[in-house]
There are 2 protein chains.
Amino acid sequence: MGVSKTQLFDQRQNEIAQIARVLAHPARVAILQHISRQDSCICSDLVEETGLAQATISQHLSEIKKIGLLRGNFQGRNLCYCIDTDRWNEIQGIFESFFTRISSQCC
Amino acid sequence: MGVSKTQLFDQRQNEIAQIARVLAHPARVAILQHISRQDSCICSDLVEETGLAQATISQHLSEIKKIGLLRGNFQGRNLCYCIDTDRWNEIQGIFESFFTRISSQCC
DNA sequence: CTTTATTATCGTAATATTGCGATATATAAT
DNA sequence: ATTATATATCGCAATATTACGATAATAAAG
């Protein structure tokens, strides 16, 4: 078969999985780190930085966008992305509570 | 094409991605939550709980095992899994520092 | 309006993931 | 040792992801 059975799981579980999926590729981790390192949020020297093709970077950016983590403005010729801080904090909260809820005293 | 170019990224970026990949499926999120909810860490009523086939659950468990998050002991007839708390805390730390390092004052 | 530079989308190939039935392996009980 | 139960692995089919070249769309500059 090969279809993910998301309907078997609750909304929060699917939400965590959906966000984790975005972080589940080193390029996207690197992109997020790069954007946040720049004071002004330069966009596609990401191509240079990572060594991936422009089309590939654009695709990764669009994955990150899907979970609401990016905001983009034109700045001169360049489309300039930055991280949506509110959404970032929200996601941080979701993971934090997921991590702290889990604990087990084993057999 | 279609091969993830992991060699383009540093060890930490790949590590974050590898862990996120495990959390990137709602079944695995549910499994972790279930194991931690049980006082004693029951194993494969996971099949009942989730509605996935036994083979599928076993496969998901093995993904979680790969990043060192599970410990298993036989308890009577049953193989009983629990979360490796040390590793869990380590991973929590990795994500926490990833999340807190990222911030951006946008254009 | 045309040109130039930047980013997005399309089409396609390679690979990875998801899921399950069938079967093998492992442990406890008899 | 044999049986019964639980878990792991194999093989396969369906779908998803990753990557890139080619091309379209967008915006500033001339």
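View 1. Strands β1 (residues 70-75) and β2 (residues 78-83) of chain B run antiparallel and are joined by six bridges. Strands here are DSSP runs of E with at least two residues, helices are runs of H or I with at least four, and both are numbered from the N terminus; two strands pair if DSSP finds at least two bridges between them. Look for B:Phe74, whose bridge partner in β2(B) is B:Leu79. Two residues sit between the strands of this hairpin, and B:Gly76 takes a positive phi near 65 degrees.

A word on the model: it is predicted, so to speak of local features takes pLDDT of at least 70 and side-chain atom pairs count only at pLDDT 80 or more, while totals for chains, interfaces and linings use all residues. Residues are numbered from 1 along each chain as its sequence is written, with chains lettered from A and ligands numbered from 1 in the order in which they are written.

**View 2. Helix α2 of chain B and what covers it.** α2(B) has twelve residues and spans 16 Å from first C-alpha to last, close to the 16 Å expected at 1.5 Å a residue (expected span: 1.5 Å times one less than the number of residues). Its buried residues include B:Val29, B:Ile31, B:Leu32 and B:Ile35; buried means that 20 or more other C-beta atoms, placed from the backbone, lie within 10 Å of the residue's own. The cover includes α1 (11-23) of chain A, plus α1, α3 (46-50), α4 and β2 of chain B.

**View 3. Where chain B touches chain A.** Each chain puts 43 residues into the contact, counting residues as in contact if their C-beta atoms, placed from the backbone, lie within 7 Å. On the chain B side, α2(B) gives the most, with eight residues. That side splits into 24 nonpolar, 16 polar and three charged residues (nonpolar: Ala, Val, Leu, Ile, Met, Phe, Trp, Tyr, Cys and Pro; charged: Asp, Glu, Lys and Arg; polar: the others, Gly among them).

**View 4. Down to the rotation axis.** Chain B superposes on chain A by a rotation of 180 degrees with 0.0 Å of shift along the axis (RMSD 0.0 Å), using least squares on C-alpha atoms of residues with pLDDT of at least 70 in both copies. That's a two-fold axis relation. Among the residues of chain B, B:Ala20 comes closest to the axis, at 2.5 Å (C-alpha).

Definitions and conventions
Two residues are in contact if their C-beta atoms, placed from the backbone, lie within 7 Å. A residue is buried if 20 or more other C-beta atoms lie within 10 Å of its own, exposed if 12 or fewer, and partly exposed in between; C-beta atoms are placed from the backbone.
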